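Take a look at the structure below. This report walks through some of its strands, a helix and the packing between them.

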Amino acid sequence: MQVTTNKTGIRMASNMGIETEAPATMMMLDNPYEMVRHLASTNAVVLFSKSGCCMCTVAKRLLFGLGVGPTIIELDHHGAGPEIQAVLFQLVADGRQPVPAVFVGGKFLGGIETLMACHINGTLIPLLKEAGALWL
């Protein structure tokens, strides 16, 4: 992962791992549920995000700061973004905002509250190691 500093002094990761267009395998999956399932099962960490969402930025910075290179799907730049967001809304099922949505090791971890709680209580690092997202 390449990290650069922008003119405001904020360190930002390069676009490595950020999906803004649907790859060829995703184009074959016309069902948004299958898209989410496929992405979650084929990547160690997947973060569904929106580019203007401040809590999504917090989730990205936490994961990058831990040394994780998540697959990031920016829903506002993805062709099937609204449909994928509807699937994520069903997964959350408690009326909360469905982004950021974090999948670790093929399983839905949750949103920013769950991600931060796991980080604070010390369970996030073992989850990331088990999923193959961290090696140390």
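## Strands and their pairing

Two strands pair if DSSP finds at least two bridges between them. The model described here is predicted.

Strand E6 spans residues 101-104.

The hairpin of E6 and E7 has 2 residues between the strands. Gly105 in this hairpin takes a positive phi near 60°.

## A strand covered on both faces

Helix H5 covers residues 112-121. Its buried residues are Ile112, Leu115 and Cys118. They lie on the same side of H5, because they cover an arc of only 135° around the axis. An α-helix has 3.6 residues a turn, so residues three or four places apart point the same way.

The face of H5 turned away from the buried side looks different in its residues: Ile120 and Asn121 are exposed there. After H5 comes Gly122, with a positive phi near 85°.

What covers the buried residues of H5? The cover includes helix H3 (54-65), strands E6 and E7, and helix H6 (124-131).

## The nonpolar cores

The largest nonpolar core has 18 residues. Val45, Val68, Val102, Leu109, Leu115, Leu124 and Leu128 have the most contacts inside it. E4, H3, E6, H5 and H6 each give two or more residues to this core. The largest share, 4 residues, comes from H3.

Leu109 shows how the parts meet. Leaving aside neighbours within four places in sequence, Leu109 is in contact with Val102, Phe103, Val104, Thr114, Leu115, Cys118, Leu124 and Leu127.

A second, separate core has 17 residues. Among them are Phe48, Ala80, Ile84 and Leu88.

Key
Residues numbered from 1 in each chain as written. Predicted model: local features only at pLDDT ≥ 70, side-chain atom pairs only at ≥ 80, totals over all residues. Heavy atoms only, no water. Buried < 20%, exposed > 50% of the residue type's maximum accessible area, 1.4 Å probe, protein only. Arc of directions from axis to C-beta. Contact = heavy atoms within 4.5 Å. Core = buried A, V, L, I, M, F, W, Y, C linked by side-chain atoms within 4.5 Å.
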